Amino acid sequence: MPVDALMSTDYELRELALNNLYEKAKAAQWDVAKDIDWSTELDADNPLGMPDPTLLIYGTQLWDKLDAAGRREVRHHAQAWLLSQILHGEQAALICAAKLASAEEGLSARLCAATQMMDEARHVEAYAKLVNEKFSTSYPMSKSLKGLLEDTITSTHLDMTNLGMQVLVEGIALSIFQSVVAYSTDPFIKDLFSRIQRDESRHFAVGRITLCRVYSEMSSTELKEREEFVSEGASVLYEHLCADDIWEPMGFSKEACAQMVRDSEVSSTIRRSIFRRLVPTIREMGLLTPRVRRTFEQLDVIDYEVMPLSLNA
Ligand SMILES: [Fe+2]
Ligand SMILES: [Fe+2]
């Protein structure tokens, strides 16, 4: 590709909201190796320090039958799975940020993406260290997450890379991080997740700001493809959150447990709550069309459409 097509000659930072996020990002850099005390011991029974009602099988017959050792094993696998998926997602975010840094048109958006690359590198470092040093188990990417990340990374439309990563995946990840910050009783985990959550809030805001502009100018034919992408992505993430891969390594039937999780009211409440940031953001971007609305109704998350946007970044 010719240099003229890759590079802009316009060096004005034209977008005030993005410039503010760029300034915040520069001021908020932190160091995984120096700012976090990795010698901290975590509770072997519950490394993330999360209360049991945040587990997908809490309150099911299986959970009620488990003894203390069995419950400890479930916590360990559920947390190792979640952190492994987050780690894979962080690496994908790093790749997407690099793509945005090299292809965004405006310099303000490009500089935001450049700081995001460093943020995502830091997150990969932090979660890799957490999984490798504090857990004895790790998991490959779930099949559903892999499909969504593949579509997001390889899309030839830059806005769809942005939409898949900054809005869908980051929106879901941000809600998970907020839950950990809110419920974890472990100060080390709370601190680590709060730091990462602050970085992610900026990425989510950058995605929302750039995409609101792009979609307000897009034709209805082009928007149809984005509606489809959001609908499929949301359904995939809702399924992904069932964590079906953790049961076989513990000696349980994958099918029976997968069904138990899907039948559980606790599990539905947890999974639904993870969509609380995503739904109002999709509304704000003008993508809550009848097609997307149907999907959100099927997932039972449409109630979040009335929620205000969380603008803290
Ligand atoms: Fe990240
Ligand atoms: Fe991010």
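Tutor: The model is predicted: local features need pLDDT of at least 70 and side-chain atom pairs 80 or more, whereas totals for chains, interfaces and linings use all residues. Residues are numbered from 1 along each chain as written, chains are lettered from A and ligands numbered from 1 in written order, and side-chain values use heavy atoms, without hydrogens and water.

Student: What makes Glu-120 and His-203 a tie between parts of the chain?

Tutor: Glu-120 is in helix H6 (residues 107-134) and His-203 in helix H9 (residues 187-216), so the parts they join are 83 residues apart in sequence. Helices are DSSP runs of H or I, at least four residues, numbered from the N terminus.

Student: Why is the pair of Tyr-58 and Trp-63 called tilted?

Tutor: Rings of Phe, Tyr and Trp (its six-membered ring) pair if their centres lie within 6.5 Å; planes under 30 degrees apart are stacked, over 60 edge-to-face, the rest tilted. Here the centres are 6.0 Å apart and the planes at 50°, so the pair is tilted.

Student: Is Trp-63 buried or exposed?

Tutor: Buried means under 20% relative accessible area, exposed over 50%, partly exposed in between (1.4 Å probe, protein chains only). Trp-63, at 2%, is buried; Tyr-58, at 31%, is partly exposed.

How values were computed: Helices (H or I, at least four residues) and strands (E, at least two) are DSSP runs, numbered from the N terminus.
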